[in-house]
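Here's a quick look at a protein and its ligand. Have the sequence and the 3D view open as you read.

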Amino acid sequence: IKKGLVLLDFWVSPFGQRCRIALAEKGLPYEYSEQELLGTKSELLLRSNPIHKKIPVLIHDGRPVNESLVILNYLEEAFPDAPPLLPADPYARAQARFWAAYSDKVYEVGSRLWKTKGEAQSQARAEMLQVLGNLDGELGEKPFFAGEKFGFVDLALVPFMPWLTPSFERYGGFSVAEVAPRLAAWADRCMERESVAKTLYPGEKVDEFITLLKKKYGIE
Ligand SMILES: N[C@@H](CCC(=O)N[C@@H](CSO)C(=O)NCC(=O)O)C(=O)O
């Protein structure tokens with residue numbers, strides 16, 4: 001059994017980036033294993049996550065942990081001596097888990113912006129404005145979602161920001177700076193952290209990837 005941590009991941013995956021940021025914030029060394037998603041998936045990936053067959057997968061001393069938010073919670077518990085990303089108070093932890101789970105919507109709704117046209121795309125646009133408004137409202141005037149410190153919700157959400165700008169904005173015909181100005185400022189604040197800056201790719205790179213996916217799926 002291979003001791004230590006191995007992360008099965010894919011370079012531009014925001015879900016994998018959540019794990020990379022958390023591992024960096026906690027100072028935990030790990031082996032990064034880039035997976036082939038658009039072609040034939042590796043035996044290791046299929047064996048490690050037979051249910052979803054998706055990355056990220058965190059393999060700890062040979063045992064796989066699947067789903068990015070499950071991995072984040074696992075890291076909190078399995079490495080208690082590393083800097084925590086969740087607050088101590090149970091209610092605050094519950095709120096952080098709620099909003100981290102909610103942040104998945106940015107990707108789910110955003111994907112419908114570039115995958116659809118017409119009425120479906122308009123519906124996705126309306127939903128996205130709602131999601132961004134809710135996130136902007138929850139953040140409010142706080143520097144980060146749990147207050148003064150960068151934490152769980154921030155690292156769960158920030159990987160989707162280079163998808164919003166410029167791609168989702170362009171497909172949806174909106175501007176994050178206009179509909180969610182506090183969220184836009186928060187994203188810049190998060191980018192000042194080395195764990196975030198070294199993990200995320202520029203929006204332009206994400207946009208090229210989406211264009212590649214559209215070609216691959218034959219979406220004009
Ligand atoms: N709910 C999961 C989503 C992971 C995911 O979508 N992974 C994608 C790449 S990133 O978009 C993936 O592995 N896709 C491969 C496939 O769907 O075949 C999580 O939070 O970990």
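This is a predicted model: local features need pLDDT of at least 70, side-chain atom pairs count only at pLDDT 80 or more; totals for chains, interfaces and linings use all residues.

Side chains of opposite charge can pair when their charged atoms come close.

This pair belongs to a wider set. With a side-chain nitrogen of Lys or Arg within 4 Å of a carboxyl oxygen of Asp or Glu as the rule, the count comes to 14 salt bridges.

## Where the ligand sits

Now over to the ligand. The space it takes up is the largest pocket. Around the ligand you'll find Ser-13, Phe-15, Leu-37, Lys-41, Lys-54, Ile-55, Pro-56, Glu-67, Ser-68 and Tyr-107. Sorted by class, that shell comes out as five nonpolar, two polar and three charged residues.

## Polar contacts and cover

Which side chains bring an N or O atom up to a ligand oxygen? Lys-41 is one of them, at 2.5 Å. Lys-54 does it too, at 3.3 Å, and the side chain of Tyr-107 has an N or O atom 3.2 Å from an oxygen of the ligand. As for cover, the ligand on its own has 530 Å² of accessible area, and the protein covers 76% of that.

Methods:
Residues are numbered from 1 along each chain as its sequence is written. Side-chain values use heavy atoms; hydrogens and water are left out. A residue is near a molecule or strand if one of its heavy atoms lies within 4 Å of it. A polar contact is a pair of N or O atoms within 3.5 Å; within protein, one must be able to donate a hydrogen and the other to accept it, and residues adjacent in sequence count only if both atoms are side-chain atoms. Accessible areas come from the Shrake-Rupley method with a 1.4 Å probe; for residues, only the protein chains shown count as cover. On a 1 Å grid over the protein atoms alone, a cavity is a set of points where a 1.4 Å probe fits but cannot get out, and a pocket is an open set with protein on both sides within 12 Å along at least five of seven lines; lining residues have an atom within 4 Å of a point. A molecule sits in a cavity or pocket if more than half of its atoms lie within 2 Å of its grid points. Ala, Val, Leu, Ile, Met, Phe, Trp, Tyr, Cys and Pro count as nonpolar, Asp, Glu, Lys and Arg as charged, and the others, Gly among them, as polar.
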